[in-house]
Amino acid sequence: MLLVKAVTAAVAIGASMAIATPAVAAPPHPFVFVHDKFQPAAEAESAGAVTYDKSLVPTSASVFIAEARVGGKGMKYHDGADGHDRGYHMRHKGTFVFISLRGLAPDYRFGIHVHTKPCGTKPDSSGPHYQNKQDPTQPSTNPTYANPRNEVWLDLTTNRAGKGWSKSWVKWHFRSGEARSVVIHEHATSTHQGKAGMAGDRVACVNVPFK
Ligand SMILES: [Cu+2]
């Protein structure tokens with residue numbers, strides 16, 4: 001049921017974006033969907049999602065993630081009413097990411113981000129956060145770079161039943177092959193200088209082939 005709601009929400013938002021731009025000659029929106037159960041970290045080679053802390057993310061937990069990549073550089077569209085090319089350029093370019101989780105620790109605040117590398121047997125395998133403008137100083141803790149407009153943050157608080165969801169919209173696209181996972185951390189993401197983007201230990205990881 002939760003999955004159905006998640007898909008409905010993701011598709012509804014995708015549809016509302018489509019309505020914001022004329023349907024005629026509008027490009028298709030590439031979507032990515034991932035639905036997985038968390039496996040023990042030892043299974044990372046073959047698992048879609050792994051947990052490093054079973055007290056916060058048990059192996060009975062599941063995750064759904066959707067990405068919608070919208071628009072692009074210099075795209076034009078026709079006016080649907082009379083068929084003339086008005087030469088307008090796409091105003092809506094960006095990336096929408098949605099996450100829904102169930103079976104996690106209840107009433108708990110998690111920090112969640114898109115990371116650059118696939119999940120592995122070790123929590124650090126997933127590499128640093130994906131950044132649109134890359135901080136020359138790594139690890140990046142400078143809020144000029146480590147912020148939810150330059151990175152994809154999906155922090156959420158679970159309800160009493162251990163369910164939660166979150167979404168992010170950024171005005172850019174991922175560079176191909178450079179965004180590979182979503183990492184769940186043990187606490188909310190900091191925004192303070194010198195700590196920006198930090199959210200404590202990595203408790204779980206989900207492989208996502210972002211476009
Ligand atoms: Cu992270």
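The mean pLDDT of the protein, a predicted model, is 86, and 77% of its residues reach 70 or more. Two stretches depart from this level of confidence. Over residues 74-85 the pLDDT is below 50, although the model gives this stretch 25 contacts beyond near neighbours in sequence. Residues 13-22 likewise stay under 50 in pLDDT, and for them the model has 17 contacts beyond four places in sequence.

The protein comprises one helix and nine strands. Of the 211 residues in the protein, 35% are buried. Contacts between residues at least 6 apart in sequence were also examined, and 67% of these join residues at least 24 apart.

Strand β3 takes part in two of the pairings described here. This strand spans residues 62-70 and is mostly covered, with seven of its nine residues buried. On one side of the description stands strand β1, residues 31-40, which runs antiparallel to β3 and is joined to it by seven bridges. Within this pairing, K37 has S62 of β3 as its bridge partner. The other pairing links β3 with strand β4, residues 94-102, again in the antiparallel sense, and extends over nine bridges. Here the bridge partner of A66 is F98, a residue of β4. In a regular strand, side chains alternate between the two faces of the sheet.

Two features of backbone geometry lie in loops that follow these strands. The loop between β4 and β5 contains D107. The phi angle of D107 is near 50°, a positive value in a residue other than glycine. D107 counts as exposed because it has 11 C-beta neighbours inside 10 Å, and the cut-off for an exposed residue is 12 or fewer. P139 belongs to the loop between β5, residues 109-115, and β6, residues 156-157.

Note on methods: Residues are numbered from 1 along each chain as its sequence is written. This is a predicted model: local features need pLDDT of at least 70, side-chain atom pairs count only at pLDDT 80 or more; totals for chains, interfaces and linings use all residues. Helices (H or I, at least four residues) and strands (E, at least two) are DSSP runs, numbered from the N terminus. A residue is buried if 20 or more other C-beta atoms lie within 10 Å of its own, exposed if 12 or fewer, and partly exposed in between; C-beta atoms are placed from the backbone. Two residues are in contact if their C-beta atoms, placed from the backbone, lie within 7 Å. Two strands pair if DSSP finds at least two bridges between them. pLDDT is the predictor's confidence in each residue, from 0 to 100.
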